[in-house]
Amino acid sequence: MCGIVGYIGEREASDVLINGLTRLEYRGYDSAGVAIVNGSLEVRKKKGKVKTLSNDLLGNALKGNLGIGHTRWATHGPPNDINAHPHLSSDGSFALVHNGIIENYTTLKETLSQRGYTFSTQTDTEVLVRLIEDVRRSTGLSLGKAIRQALSQVQGTYGIAVVSKDDPDMLIAARKGSPLILGVGEGEYFLGSDAAPIIEYTRKVVYLNDGELVVIRRSGFTVFTVDDEPLEKAVYELEWDLEQIEKGGYDHFMLKEIMEQPTSIQNALRGRLFNKAPYVMLGGLFEAIKTLKDVDRIIICACGTSWHAALVGEYMIEALARIPVEVEYASEFRYRNPILRKNDAVIVISQSGETADTLAAVKEAQRQGIPVYGICNTVGSTIARDTDAGVYLHAGPEIGVASTKAFTAQVTVLALLALKLAKRRNALSDTELKAFATHLLAIPGKIQQVLDGAKSIRKIAEIYRYANNFLYLGRGPNFPVALEGALKLKEISYVHAEGYPAAEMKHGPIALIDRFMPVVFIAMNDSSYDKVVSNIEEVVARDGIVIAVTDAPKGHLDDLCEHVIRIPHTTELLSPLLAVIPLQLLSYYIAVLRGCNVDQPRNLAKSVTVE
Ligand code: G6P
């Protein structure tokens, strides 16, 4: 949510910044701006996409090799040129970009107004700029120290980057609650909200922690603690490469990421799953499993698509390992003073590893002294570092705002965890463990088969592209898949869709059904098949149009339904991994046919770093 970039070195800063902002655009696309130092300090910012800004710079370039940039997801103040970042100090001497929310900005603004400061934007960020000015004016401190002192008065979250025309060899950044990474090059440094804008220049990175402030010069950088003490920081090597964050010939990142799923799941399984004992090895949870296997209850917290993966995990862990599981929205968990008991454990799931509510859930569990484990995709992300232990998805960078490959990788890792716990608790026989592992190992190949049928799903999308409402129904572990299918459609094509457990249809949604209402059923040939077919009959009897996703052989379903999407068979608990694929494709094609911006749907952001 909001992307920050920064550069100091010998290159043209505006090229590096625009490039970086383009890569970070999935974090927000309400406006974009840069500030460049070159004797003077110039700011250029525009409402809308990074492209609008780069077009503006084309005819009227900003020269200089020190600068900061920002792509905005608006929180305070509508998206327009004025509210766009960077924000300048009143005397035009320094510029600042900010990701996060200054929660006490109204109080600070009032005090600063009384002290004679004026404001031209509606943002909380401008208040921080004026506060830094005020600290400087009243104390005579250097810019770095004034920033530190101003930040100590701020409540809320921030990742900031600052440049000043008075010091052409200094880039300052600080974070609390919003991610920032420093890329370390030869005589040059890069800043980014994540690794995407950095990776084409260097793989060496330093992760800033909350409360840390870094002063970067061409000759080196120093990280300071909250108490202004210099700190030794480890330099890490990034795992992802540039190819992974480019579209690779696909029209959209979302399609690329859907198509990558056989590989991303293979990567999530690599070195972790075997079809003989010990069946599963999860290095990151090696010690944690000793605790997890004996807990009375696991609580999984997550948001959005990750929450849907958590629901599938609930079915898997309860069925295989027989440990009670509760799934919570992280945003609810954090505020309702949850009752956690000594023998509970919390697992958080987050693709980005930066979602503010999920991070707050981690803190709440830690406050209550409960172990917290993470399932994250982004290596080195805040949640990955702040949890006691965890598992990475290894799904590679996910750029499309609507999550696809992260979902299937999350479900895969949850399946591994369920199997591991089942083994350690002796909840399954060796034959059962082997059978499940064998099914899981076959999933990537089966997903490929579903993807090979993408054209037929596009045809269905062509027929229903104008529908205004969709209903998605599933049972058991495919109930969360119904929720996920509906979410995908809402997110990228702005079509109203609801997901429900199929049996709940009778308690409300059935009233909506008519011949204009496509109903997508996940009707797997498993323990609930007959019941789901009865639900389909109920919809057909009311003139509803049914699109069924099934592994059942040709037969009665084909007579009942308008369209049947056949997918391969797997064991019931793993069927979500296959059933979700046609739903991802359906929403993708409908969105494309409706002319929607698939990778950057309106109002959404990939990484929600504000509450
Ligand atoms: C945003 C994204 C979703 C994602 C959710 C949780 O809403 O648009 O795709 O599922 O955040 O994100 P996380 O990174 O914590 O999985």
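## Ligand site

The ligand takes up the space of the largest pocket. The model is a predicted one. That pocket has a volume of about 590 Å³. It is lined by 26 residues, and those closest to its centre are Gly304, Glu491, Ala605, Lys606 and Val608.

By class, the lining of the largest pocket consists of ten nonpolar, ten polar and six charged residues. Four elements, α9, β18 (344-350), α11 (356-367) and α16 (479-493), each contribute at least two residues to this lining.

## Contacts with the ligand

The shell around the ligand holds 13 residues, of which Ser306, Ser350, Gln351, Ser352 and Thr355 come nearest. Helix α9, which spans residues 304-321, gives the most to this shell, with three residues. Eight residues of the shell are polar, four are nonpolar and one is charged.

## Second largest pocket

The second largest pocket has a volume of about 320 Å³. Its lining is made up of 17 residues, with Thr22, Glu25, Lys247, Phe253 and Gln600 the closest to its centre.

Helix α1 (residues 13-24) gives the most to the lining of the second largest pocket, supplying three residues. Six residues of this lining are polar, six are charged and five are nonpolar.

## Cavities

A search of the whole structure finds three cavities of 30 Å³ or more. The largest cavity has a volume of about 330 Å³. Among the 29 residues that line the largest cavity, Asp194, Ala195, Trp240, Ser352 and Thr378 are the closest to its centre. Ser352 is also one of the residues that come nearest to the ligand.

The lining of the largest cavity divides into 14 nonpolar, eight charged and seven polar residues.

Methods: Residues are numbered from 1 along each chain as its sequence is written. This is a predicted model: local features need pLDDT of at least 70, side-chain atom pairs count only at pLDDT 80 or more; totals for chains, interfaces and linings use all residues. Side-chain values use heavy atoms; hydrogens and water are left out. A residue is near a molecule or strand if one of its heavy atoms lies within 4 Å of it. On a 1 Å grid over the protein atoms alone, a cavity is a set of points where a 1.4 Å probe fits but cannot get out, and a pocket is an open set with protein on both sides within 12 Å along at least five of seven lines; lining residues have an atom within 4 Å of a point. A molecule sits in a cavity or pocket if more than half of its atoms lie within 2 Å of its grid points. Ala, Val, Leu, Ile, Met, Phe, Trp, Tyr, Cys and Pro count as nonpolar, Asp, Glu, Lys and Arg as charged, and the others, Gly among them, as polar. Grid points are joined across faces, edges and corners, and a volume is the space filled by probe spheres set on the points.
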